[in-house]
Protein chains: 2
Amino acid sequence: MNFQQLRSVREAVRCGFNLTEVATVLHTSQPGISRQIRDLEAEVGSPIFVRSGKRLTGLTEPGRAMLPLIERLLQDAQNLRRVGEEFAHEQRGTLSIAATHSQARYALPHAVRDFRAQFPEVSLHLHQGSPRQVASLLLAGEADIGIATEALASYPQLVTLPCYRWTHSVVVPHGHPLLRHERLELSHLAEHPIVTYDQGYTGRSHIDDAFAAAGLRPQVVIAAMDADVIKTYVELGLGIGIVASIAIDAERDRGLVGIDARHLFPLNLTRLALRRGSVLRGFGFAFIETFAPSLSRDAVVRAFLDSAHEDA
Amino acid sequence: MNFQQLRSVREAVRCGFNLTEVATVLHTSQPGISRQIRDLEAEVGSPIFVRSGKRLTGLTEPGRAMLPLIERLLQDAQNLRRVGEEFAHEQRGTLSIAATHSQARYALPHAVRDFRAQFPEVSLHLHQGSPRQVASLLLAGEADIGIATEALASYPQLVTLPCYRWTHSVVVPHGHPLLRHERLELSHLAEHPIVTYDQGYTGRSHIDDAFAAAGLRPQVVIAAMDADVIKTYVELGLGIGIVASIAIDAERDRGLVGIDARHLFPLNLTRLALRRGSVLRGFGFAFIETFAPSLSRDAVVRAFLDSAHEDA
DNA sequence: TATCCTTACGGAATTCGTAAGCATG
DNA sequence: CATGCTTACGAATTCCGTAAGGATA
């Protein structure tokens, strides 16, 4: 048994049982992959793949039983290398962060700047995507840390930690009639066309919940995935915007006025996620603490241990 | 990275950092081991062992961090082979059971007989030892299933399951004065020299607890590790015996009389233990169910999942 | 017929054991 | 000076890629 065999099996599953493709991905020859797989099957004594004729078409029952073990073996091997690196070059390496647009654009910059100053030799990769994509990147091991407000808590293979709470604001062009209200109410908002986040992004569900609870049916005319787009349409007069308060910058958004709406919508909680079974390097913990000072290294490790369910 | 390197490291730790011994255990040459280790250290980029001059003397800090990962990697590799075997030969293989004398002698025989009838092609290994030795055998992966009344529950790396409850009995020679009491009391027992289990065996702690709670200081003249020895000394008239009720057989123990003492001593619970991260073969589950019918395969798997703590 | 897996074969790289060298308690 | 690790080297093995073969949609 060796790791190349295990990699071949894992990749074969990922590539939909096309060994030619596996060979490309693993930078080797197709007959090589074929042999790796057959050697492993011979060693464990059970076929892993279903073959119809000469093609692989799926996993056998033993194959299904083995796959999680194989994944963990390869994961642990990588973790081993990572632990070594960690001690060899505490200050060097790569940190891969997956975040939603909102986070990458508004919440992360300060943390990134401070982190870069503290660890100039760490190369920082910033992936951007929907909350589900963030989760996928984490699960695939392509990101070390994920940050999003939605969805993350529903993946059992992820450990999530609360980072910070925030609320929405309403943005309107200067002189908009909404500005005349002393205290903004949901009913006022419902009278105007609304531009806000797409379903599944940046607390959109909380916005819908609030209106639904008040028995209102707001007219969302444009739904976007990020605040910059929303603000652009608001500036064009297409409606009033509802965005995360953090996304409003008095300096930059000269043409707009923000109205605090924390009394109208439920509080949102931005979460940070890590994959179970991953090993975070020292500077990874440092980044987390920079981003959310309450999440000390100890706090993160504790959360990991407390939530160590379903491993078998 | 390959498994031989990992095995070399693990064995080096187990052999107290003597690479010559490692080479013997792994059936290879000593320079080979040397290189395996150095290659791995080169690959991960950190030294794993502390060297004073040319000798290995201990683990470095990175080494200590890596060791648990290495153990799990090798464990998973073995599990992989095991899963393969499982499907290849459902009815064949080896089942290794570690139990205390009491269990092996009195509780297991029925289960073993039935199991042998059901799986004639499975070779059954029965290790015997103190509860702590049972735990060690499990932890070292040398036993698949451990059975004992004491100690097992205190190892966080073991999952334990309750099997059955039992109580102690008093044994005396025929015509012994104790037999005159209508209802036996602890104070009666305390008037006689006592022969019972050694500390740490077969509910001895419960015996001590009961006397202590009653303010009595019984005179234990002989402490043994198993009921056969105890009964022998009782037959010789050296004292009254306190043994597990199950250990008294009216047929075999003609010279003795058993007196039920369930009202005097706390109930005992015999537990079955498995190591976390081990994979039990189908017939292993079958054995458990034969031994303790309430422990169906599902019940065992559930207990495993429920107790999946501290893994990282 | 194009795609995709298997078999066959030869060269290259790795691995491994023996023998010699050297440090340490 | 005996034990124990390293280095050196040559042989054996394993590994891997190319090329050809055969099955399937």
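## Helices H5 and H9 of chain B

In chain B, helix H5 (residues 101-118) and helix H9 (residues 227-235) cross at roughly 85 degrees, and their axes come within 9 Å. That makes H5(B) roughly perpendicular to H9(B). Angles of 65 to 115 degrees count as roughly perpendicular, under 35 as roughly parallel, over 145 as roughly antiparallel, and the rest as oblique. The axes are lines fitted to C-alpha atoms, for helices over the stretch in contact, and the angles run from 0 to 180 degrees between N-to-C directions. Helices are DSSP runs (H or I, at least four residues), numbered from the N terminus.

H5(B) brings His101(B), Arg105(B) and Tyr106(B) to this contact. H9(B) brings Ala227(B), Asp228(B) and Lys231(B). Contact means heavy atoms within 4.5 Å. By class, the contact of H5(B) with H9(B) has two nonpolar, one polar and three charged residues. Here Ala, Val, Leu, Ile, Met, Phe, Trp, Tyr, Cys and Pro count as nonpolar, Asp, Glu, Lys and Arg as charged, and the others, Gly among them, as polar.

## About the model

This is a predicted model, in which local features need pLDDT of at least 70, side-chain atom pairs count only at pLDDT 80 or more, and totals for chains, interfaces and linings use all residues. Residues are numbered from 1 along each chain as its sequence is written, chains are lettered from A and ligands numbered from 1 in the order in which they are written, and side-chain values use heavy atoms, with hydrogens and water left out.

## Helices H1 and H4 of chain B

Helix H1 (residues 3-14) of chain B packs against helix H4 (residues 61-88) of chain B at an angle of about 120 degrees. Their axes are 10 Å apart. That makes H1(B) oblique to H4(B).

From H1(B), the contact takes in Phe3(B), Leu6(B), Arg7(B), Val9(B), Arg10(B), Val13(B) and Arg14(B). From H4(B) come Leu67(B), Ile70(B), Glu71(B), Leu73(B), Leu74(B) and Ala77(B). The contact of H1(B) with H4(B) has nine nonpolar, no polar and four charged residues.

## DNA strand C

Around DNA strand C there are 19 residues, of which Gln30(A), Ser34(A), Lys54(A), Arg55(A) and Thr28(B) come nearest. A residue is near a strand if one of its heavy atoms lies within 4 Å of it. H3(A) gives the largest share of this surface, four residues. The surface near DNA strand C divides into four nonpolar, eight polar and seven charged residues.

Phosphate oxygens of DNA strand C lie 3.3 Å from a polar side-chain atom of Asn18(A) and 3.0 Å from a backbone N or O atom of Leu19(A). A polar side-chain atom of Arg55(A) lies 2.4 Å from a base oxygen of DNA strand C.

## DNA strand D

DNA strand D is also surrounded by 19 residues. The closest are Arg35(A), Gln30(B), Ser34(B), Lys54(B) and Arg55(B). Sugar and phosphate account for 56% of the atoms of DNA strand D that come within 4 Å of the protein.

Base oxygens of DNA strand D lie 3.0 Å from a polar side-chain atom of Arg55(A) and 2.4 Å from one of Arg55(B). A polar side-chain atom of Arg38(B) lies 3.3 Å from a phosphate oxygen of DNA strand D.

Terms used:
Helices (H or I, at least four residues) and strands (E, at least two) are DSSP runs, numbered from the N terminus. A polar contact is a pair of N or O atoms within 3.5 Å; within protein, one must be able to donate a hydrogen and the other to accept it, and residues adjacent in sequence count only if both atoms are side-chain atoms.
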